[in-house]
Amino acid sequence: MGGLREIAVPFVAAAPAGARVRTRLRVSARDEAVLRAAGSHLGSLAGRDLAARCAEGRLDARGRAVSRAARKRALTAESSSRWAGAITRTSEDQHRLAGQNLRAERASLQARVSRIEARLAVPAGSRPGKTRGYATPAERHAKDIRRRALRARLARAEHRLAVGAVGVTRGGKALLRKRANLAAAGLTEEQWRARWEAARLFLTADGEKDKNWGNETIRFNPDEGWLELKLPAPLAGLANRPHGRYRLTCSVAFAYRGDEVAAQAATGAIRYDISCDPGSGRWYLDGSWKTVPGPVPSLEELRCRPVVAVDVNVSHLAVAVVAADGNVLGSPVTVPLDLAGLPAATRDGRLRDAISGLIATARQHGARALVIEDLDFADARAEGREQHGSRPSRGRRGRGFRRAVAGIPTGKFRDRLVQMTANAGLAVIVADPAYTSRWGAEHWLGPLREHHPQASGHHAAALVTGRRGLGYRARRRANGNRTAPEEAARPAPAHPRTRPAAIPAPRKPAVPRGSRQPSGTKTGRPHRTTAGDQAAQDRPGPPAMQDHLLHARLGTVT
């Protein structure tokens, strides 16, 4: 197996260092009007501040601090010091994230150009080494044109990075592009305008540790159930409380993890975000804060109990519960997870529902951990449709592969799984995804289908993933999965027996074959001159004392 890469050691994912919960605000008409007025005014200030930050380009740490202080002083007069601090902090975060996206685009363009140039160096229709040339001269010419276009895009990206010119669209670039073709997006102009205005609202207040209820700008009282916010200076006339504050007329409470929100508001800083869903017209309040992650359990502790192994696919999750000895428990199951073409909120809801089912399965079987693959398709996403190795790139197979890669929610699933399992007191073991599908189909698919006909290759891959998280190899052993100490150095059987051994037939009494056979004795005739392989039969060796009568009949007594 010289062509196989080394399998990485499994590890336990770290617990999240923060928490975020949401509740609905059942606002009145006046409350909604005040929230829209404040969000629109602060949103216009946020857009102006972000444009100023992007115009400054690339700055060092000291330059960023000086720039933020100057922009904050300019915004304070039209809002407040705390609103201005939240706006400038958000602008810095957006600018930094845009820089990361631009660097990722540059890396992707470099990978694509490098791959095309490697194949262009080989004549069309030939393969002198490991690199295959393009099939026809026409395809080679088309790829050369594509290489030039990618080179131009790469040059522009490198120039923008050099001067620090990044682009950020408040409200989202995807929503902005829908404005040019509302019919294809299935929206009217009024619906698009409502979404655009809701996405550009700014009602975010950073937490303050030494202030009452953890936040001075947006304040939530968990004991009395009210929420109030500090209005910007130009909107102070809308206040219904002293010091330019407005208190909502509806009662507010966090149904989920409300005790944690109350404890954090009473003892530390907590950030609040108010947002609006234009489709339903509902308003929501999000509370977030930092947490101290607990100690991460060791692999040895988690491997003493069963684990729930998950194989993530395009439209479903293949789940197998693996016992501590490496065998499957119960029947493998399939969890539907179709996220294609759905809104972000719906996708997140279905993802959370699927993970809730996984947590329930873990609790049902007494598992302490879930095992997933360390899968992100980084190379496939970076190189796009350029062929590399056995990855399909052209035609229906290439389009199907790229669609599958885009449809598998690897990053979202992993992040959400770690968050929800940490809240449930479970851990996540991350295993190397190499060869799980191949070895699962080779060693486990047949035995699984003997007892579970509905099992698929994805369930076999999940089983291999679970065994890898438990520290076992993918290959099955004929007599159990744990290797005895005296067998550690022996090679595994080439064809392990997967079916139960046949029951031996009852032994029949021997029939004498000649008159020389003494009657009433069980001693066989001396027709064999050599003894059997005693060591192969696991016998300790020939006896030290022989029967005297046997020696007399064989003529060996002197």
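Q: What makes a stretch a helix or a strand here?
A: Helices (H or I, at least four residues) and strands (E, at least two) are DSSP runs, numbered from the N terminus. His-243 lies in the loop between β5 (226-230) and β6 (245-247). The model is predicted: local features need pLDDT of at least 70, side-chain atom pairs count only at pLDDT 80 or more, and totals for chains, interfaces and linings use all residues. Residues are numbered from 1 along each chain as its sequence is written, and side-chain values use heavy atoms, with hydrogens and water left out.

Q: Why is His-243 called exposed?
A: Buried means under 20% relative accessible area, exposed over 50%, partly exposed in between (1.4 Å probe, protein chains only). His-243 has 69% relative accessibility, so His-243 counts as exposed.

Q: Which side of the cut-off does Arg-257 fall on, buried or exposed?
A: Its relative accessible area is 15%, so Arg-257 is buried. Arg-257 also has a positive phi, about 60°, without being a glycine. Arg-257 sits in the loop between β6 and α8 (258-267).

Q: How do you know whether Cys-54 and Cys-304 are buried or exposed?
A: Cys-54 has 16% relative accessibility, so Cys-54 counts as buried. Cys-304 has a relative accessible area of 60%, so Cys-304 is exposed.

Q: Why is α14 called roughly perpendicular to α16?
A: The axes of α14 (residues 436-443) and α16 (residues 457-470) cross at roughly 105° and come within 7 Å. Axes are lines fitted to C-alpha atoms, for helices over the stretch in contact, and angles run from 0 to 180 degrees between N-to-C directions. Angles of 65 to 115 degrees count as roughly perpendicular (under 35 roughly parallel, over 145 roughly antiparallel, the rest oblique). Therefore α14 is roughly perpendicular to α16.

Q: Which residues make the contact between α14 and α16?
A: Contact means heavy atoms within 4.5 Å. Thr-436, Ser-437, Trp-439, Gly-440 and Ala-441 of α14 meet Ala-460, Ala-461, Val-464, Thr-465 and Arg-468 of α16.

Q: What makes a set of residues a nonpolar core?
A: The residues are buried Ala, Val, Leu, Ile, Met, Phe, Trp, Tyr and Cys, joined through side-chain atoms within 4.5 Å. The largest such core has 38 residues, and Ile-218 is one of those with the most contacts inside it. Helix α1 gives the largest share, six residues.
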